[in-house]
Amino acid sequence: MQNLKNLIKQAEKNKVAIGHFNVSDSMALKAIFESAQELSSKGGPASGWKVPVIIGTSEGEADFLERNLASAMVQRLRADNKFPIFLNSDHAHSLEEVKKAVAAGYDAIIFDGSKLPFEENIKQTKKAVEYIRSKSKTILVEGELGYIGGSSQILRSMPAGIAIKPEDLTKPEDAVRFVKETGVDLLAPAVGNVHGMIGVGQNPRLDIARIKAIREAAGVPLVLHGGSGISDKDFTAAINAGISIIHINTEIRLVWKNALEKSLLQNRDEIAPYKILKPSFEGVKSVVKSRLQLFNKLI
Ligand SMILES: [Zn+2]
C-alpha cells in the first residue's frame, strides 16, 4: 500500500483532496472509516484509487481517547483492510506533545506555532522537524503560518486576532522562507479560513488566487484547516488551486451532539450506550461521506 506522502502527491495530481476528520472516540473513528471504505468500493476518479482518509486528534481529543489506543486502532484498520487510513496529531503546540505523538506511532504531526511571531514560529517548528526526523524517516510534518483561531466550536462572532484581512493572510514570500528554513513536508496557510463555524454560512470566503500563489512559491502540498462552514464552491476552487488535505471537525461535532440530544429525549428509558449513540454514529458517517464525495470529486 502507498504511504501518505505518495497519496498526497497522487491526490494533487488528480486534483482531489484527502479528507481529515477529528475524533474523540472509537465510534467516530469507525464512522469515518466506514464512510471512506463504502465510497472506495464505487471507485474513484483514477482506477484503483481508494478514498484515503486522515484521522486527527487534537491535544484534548488525544488526552481523552489515549494516543496509544488511537494509534493501535488506526494501524489495525489499515493493516486488516489494506486501507489507506492514517493518524495525525492535530495542532501540537509544544515539543512535549510532538514527542508523545512520535512515541505513540502517529503517521503525521502538525506543529502549530501560528500564534507565535514569524521568526519564533520558524525557530520552534524547525526544532520539532529536527526531533521528528531524528526519530522517524516516514512521519510527515506540517507547519502552520497565519493564525486562524483555535477552537472547533460554533462561534458567535469572529474571534480576535484571526487573520482575515488581506494584509494579514499568509504571504507567498513568507511561505517560501518558512518551508525552506523549517523543512516541513506540508504547509497550512491562512487564506480566509477560520477554525470553527461562525453561525450558518457566515464563514469568510477563501482567497483562491492566494492559495495558488502560495502553492507555487512554497513547493510543498497545502492543507486547509477550518473546513467547516466553507461553501462547496470554495472547496472545489481551493482544491483546484493547490489544496491537498482538508480538515473538518466542527461539523461532525455538531451532528454528533444534535443526534445524541434527540436520541436521549426520544428514548428516555434506554441505557445501552451503543443504542443511544447509534443516531450520532449515522450522523457522523453521513456528514463525512458527503465531504469525502465532494473532496474526491465523486459527485
Ligand atoms: Zn486545524
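Residues are numbered from 1 along each chain as its sequence is written. In this predicted model, local features need pLDDT of at least 70 and side-chain atom pairs count only at pLDDT 80 or more, while totals for chains, interfaces and linings use all residues; side-chain values use heavy atoms, with hydrogens and water left out.

Reader: How many helices and strands does the chain have?
Author: Helices (H or I, at least four residues) and strands (E, at least two) are DSSP runs, numbered from the N terminus. By that rule, the secondary structure of the chain comes to twelve helices and ten strands.

Reader: What radius of gyration does the chain have?
Author: The radius of gyration is taken over C-alpha atoms, and the globule rule is 2.2 Å times the number of residues to the power 0.38. The C-alpha atoms fill a box of roughly 60 × 40 × 40 Å along the principal axes. For 299 residues, a compact globule would have a radius near 19 Å, and the chain agrees with this, having 18 Å.

Reader: What percentage of the residues in the chain are buried?
Author: A residue is buried under 20% relative accessible area, exposed over 50% and partly exposed in between (1.4 Å probe, protein chains only). Of the 299 residues in the chain, the buried ones make up 52%.

Reader: Is His91 buried or exposed?
Author: His91 belongs to strand S3. Its relative accessibility is 10%, and therefore His91 counts as buried.

Reader: What is the phi of His91?
Author: Most residues other than glycine have a negative phi. His91 is not a glycine, yet its phi is positive, at about 65 degrees.

Reader: Where is Lys15, the residue with phi near 55 degrees?
Author: The phi of Lys15 is positive although the residue is other than glycine. At 40% relative accessibility, Lys15 counts as partly exposed. Its place is in the loop between helix H1 (4-13) and strand S1 (18-22).

Reader: Which residues does Arg210 touch, leaving out those up to four places away in sequence?
Author: Arg210 is part of helix H8 (residues 208-218). It counts as buried because its relative accessibility is 17%. Contact means heavy atoms within 4.5 Å. Beyond four places in sequence, Arg210 touches Pro166, Leu169, Thr170, Lys171, Ala190 and Val191.

Reader: What distance separates the C-alpha atoms of Ala241 and Ile211?
Author: Ala241 is in helix H9 (residues 232-241), and at 9% relative accessibility Ala241 counts as buried. Aside from neighbours within four places in sequence, Ala241 is in contact with Ile208, Ile211, Lys212 and Arg215. Although Ala241 and Ile211 are 30 residues apart along the chain, their C-alpha atoms are separated by 6.1 Å.

Reader: Which residues does Gly192 touch, not counting those up to four places away in sequence?
Author: Gly192 is located in the loop between S7 and S8. With a relative accessibility of 4%, Gly192 counts as buried. Setting aside residues up to four places away in sequence, Gly192 touches Leu169, Pro204, Arg205 and Leu206.

Reader: Is Gly161 buried or exposed?
Author: Gly161 lies in the loop between strand S6 (154-155) and helix H7 (172-182). At 63% relative accessibility, Gly161 counts as exposed.
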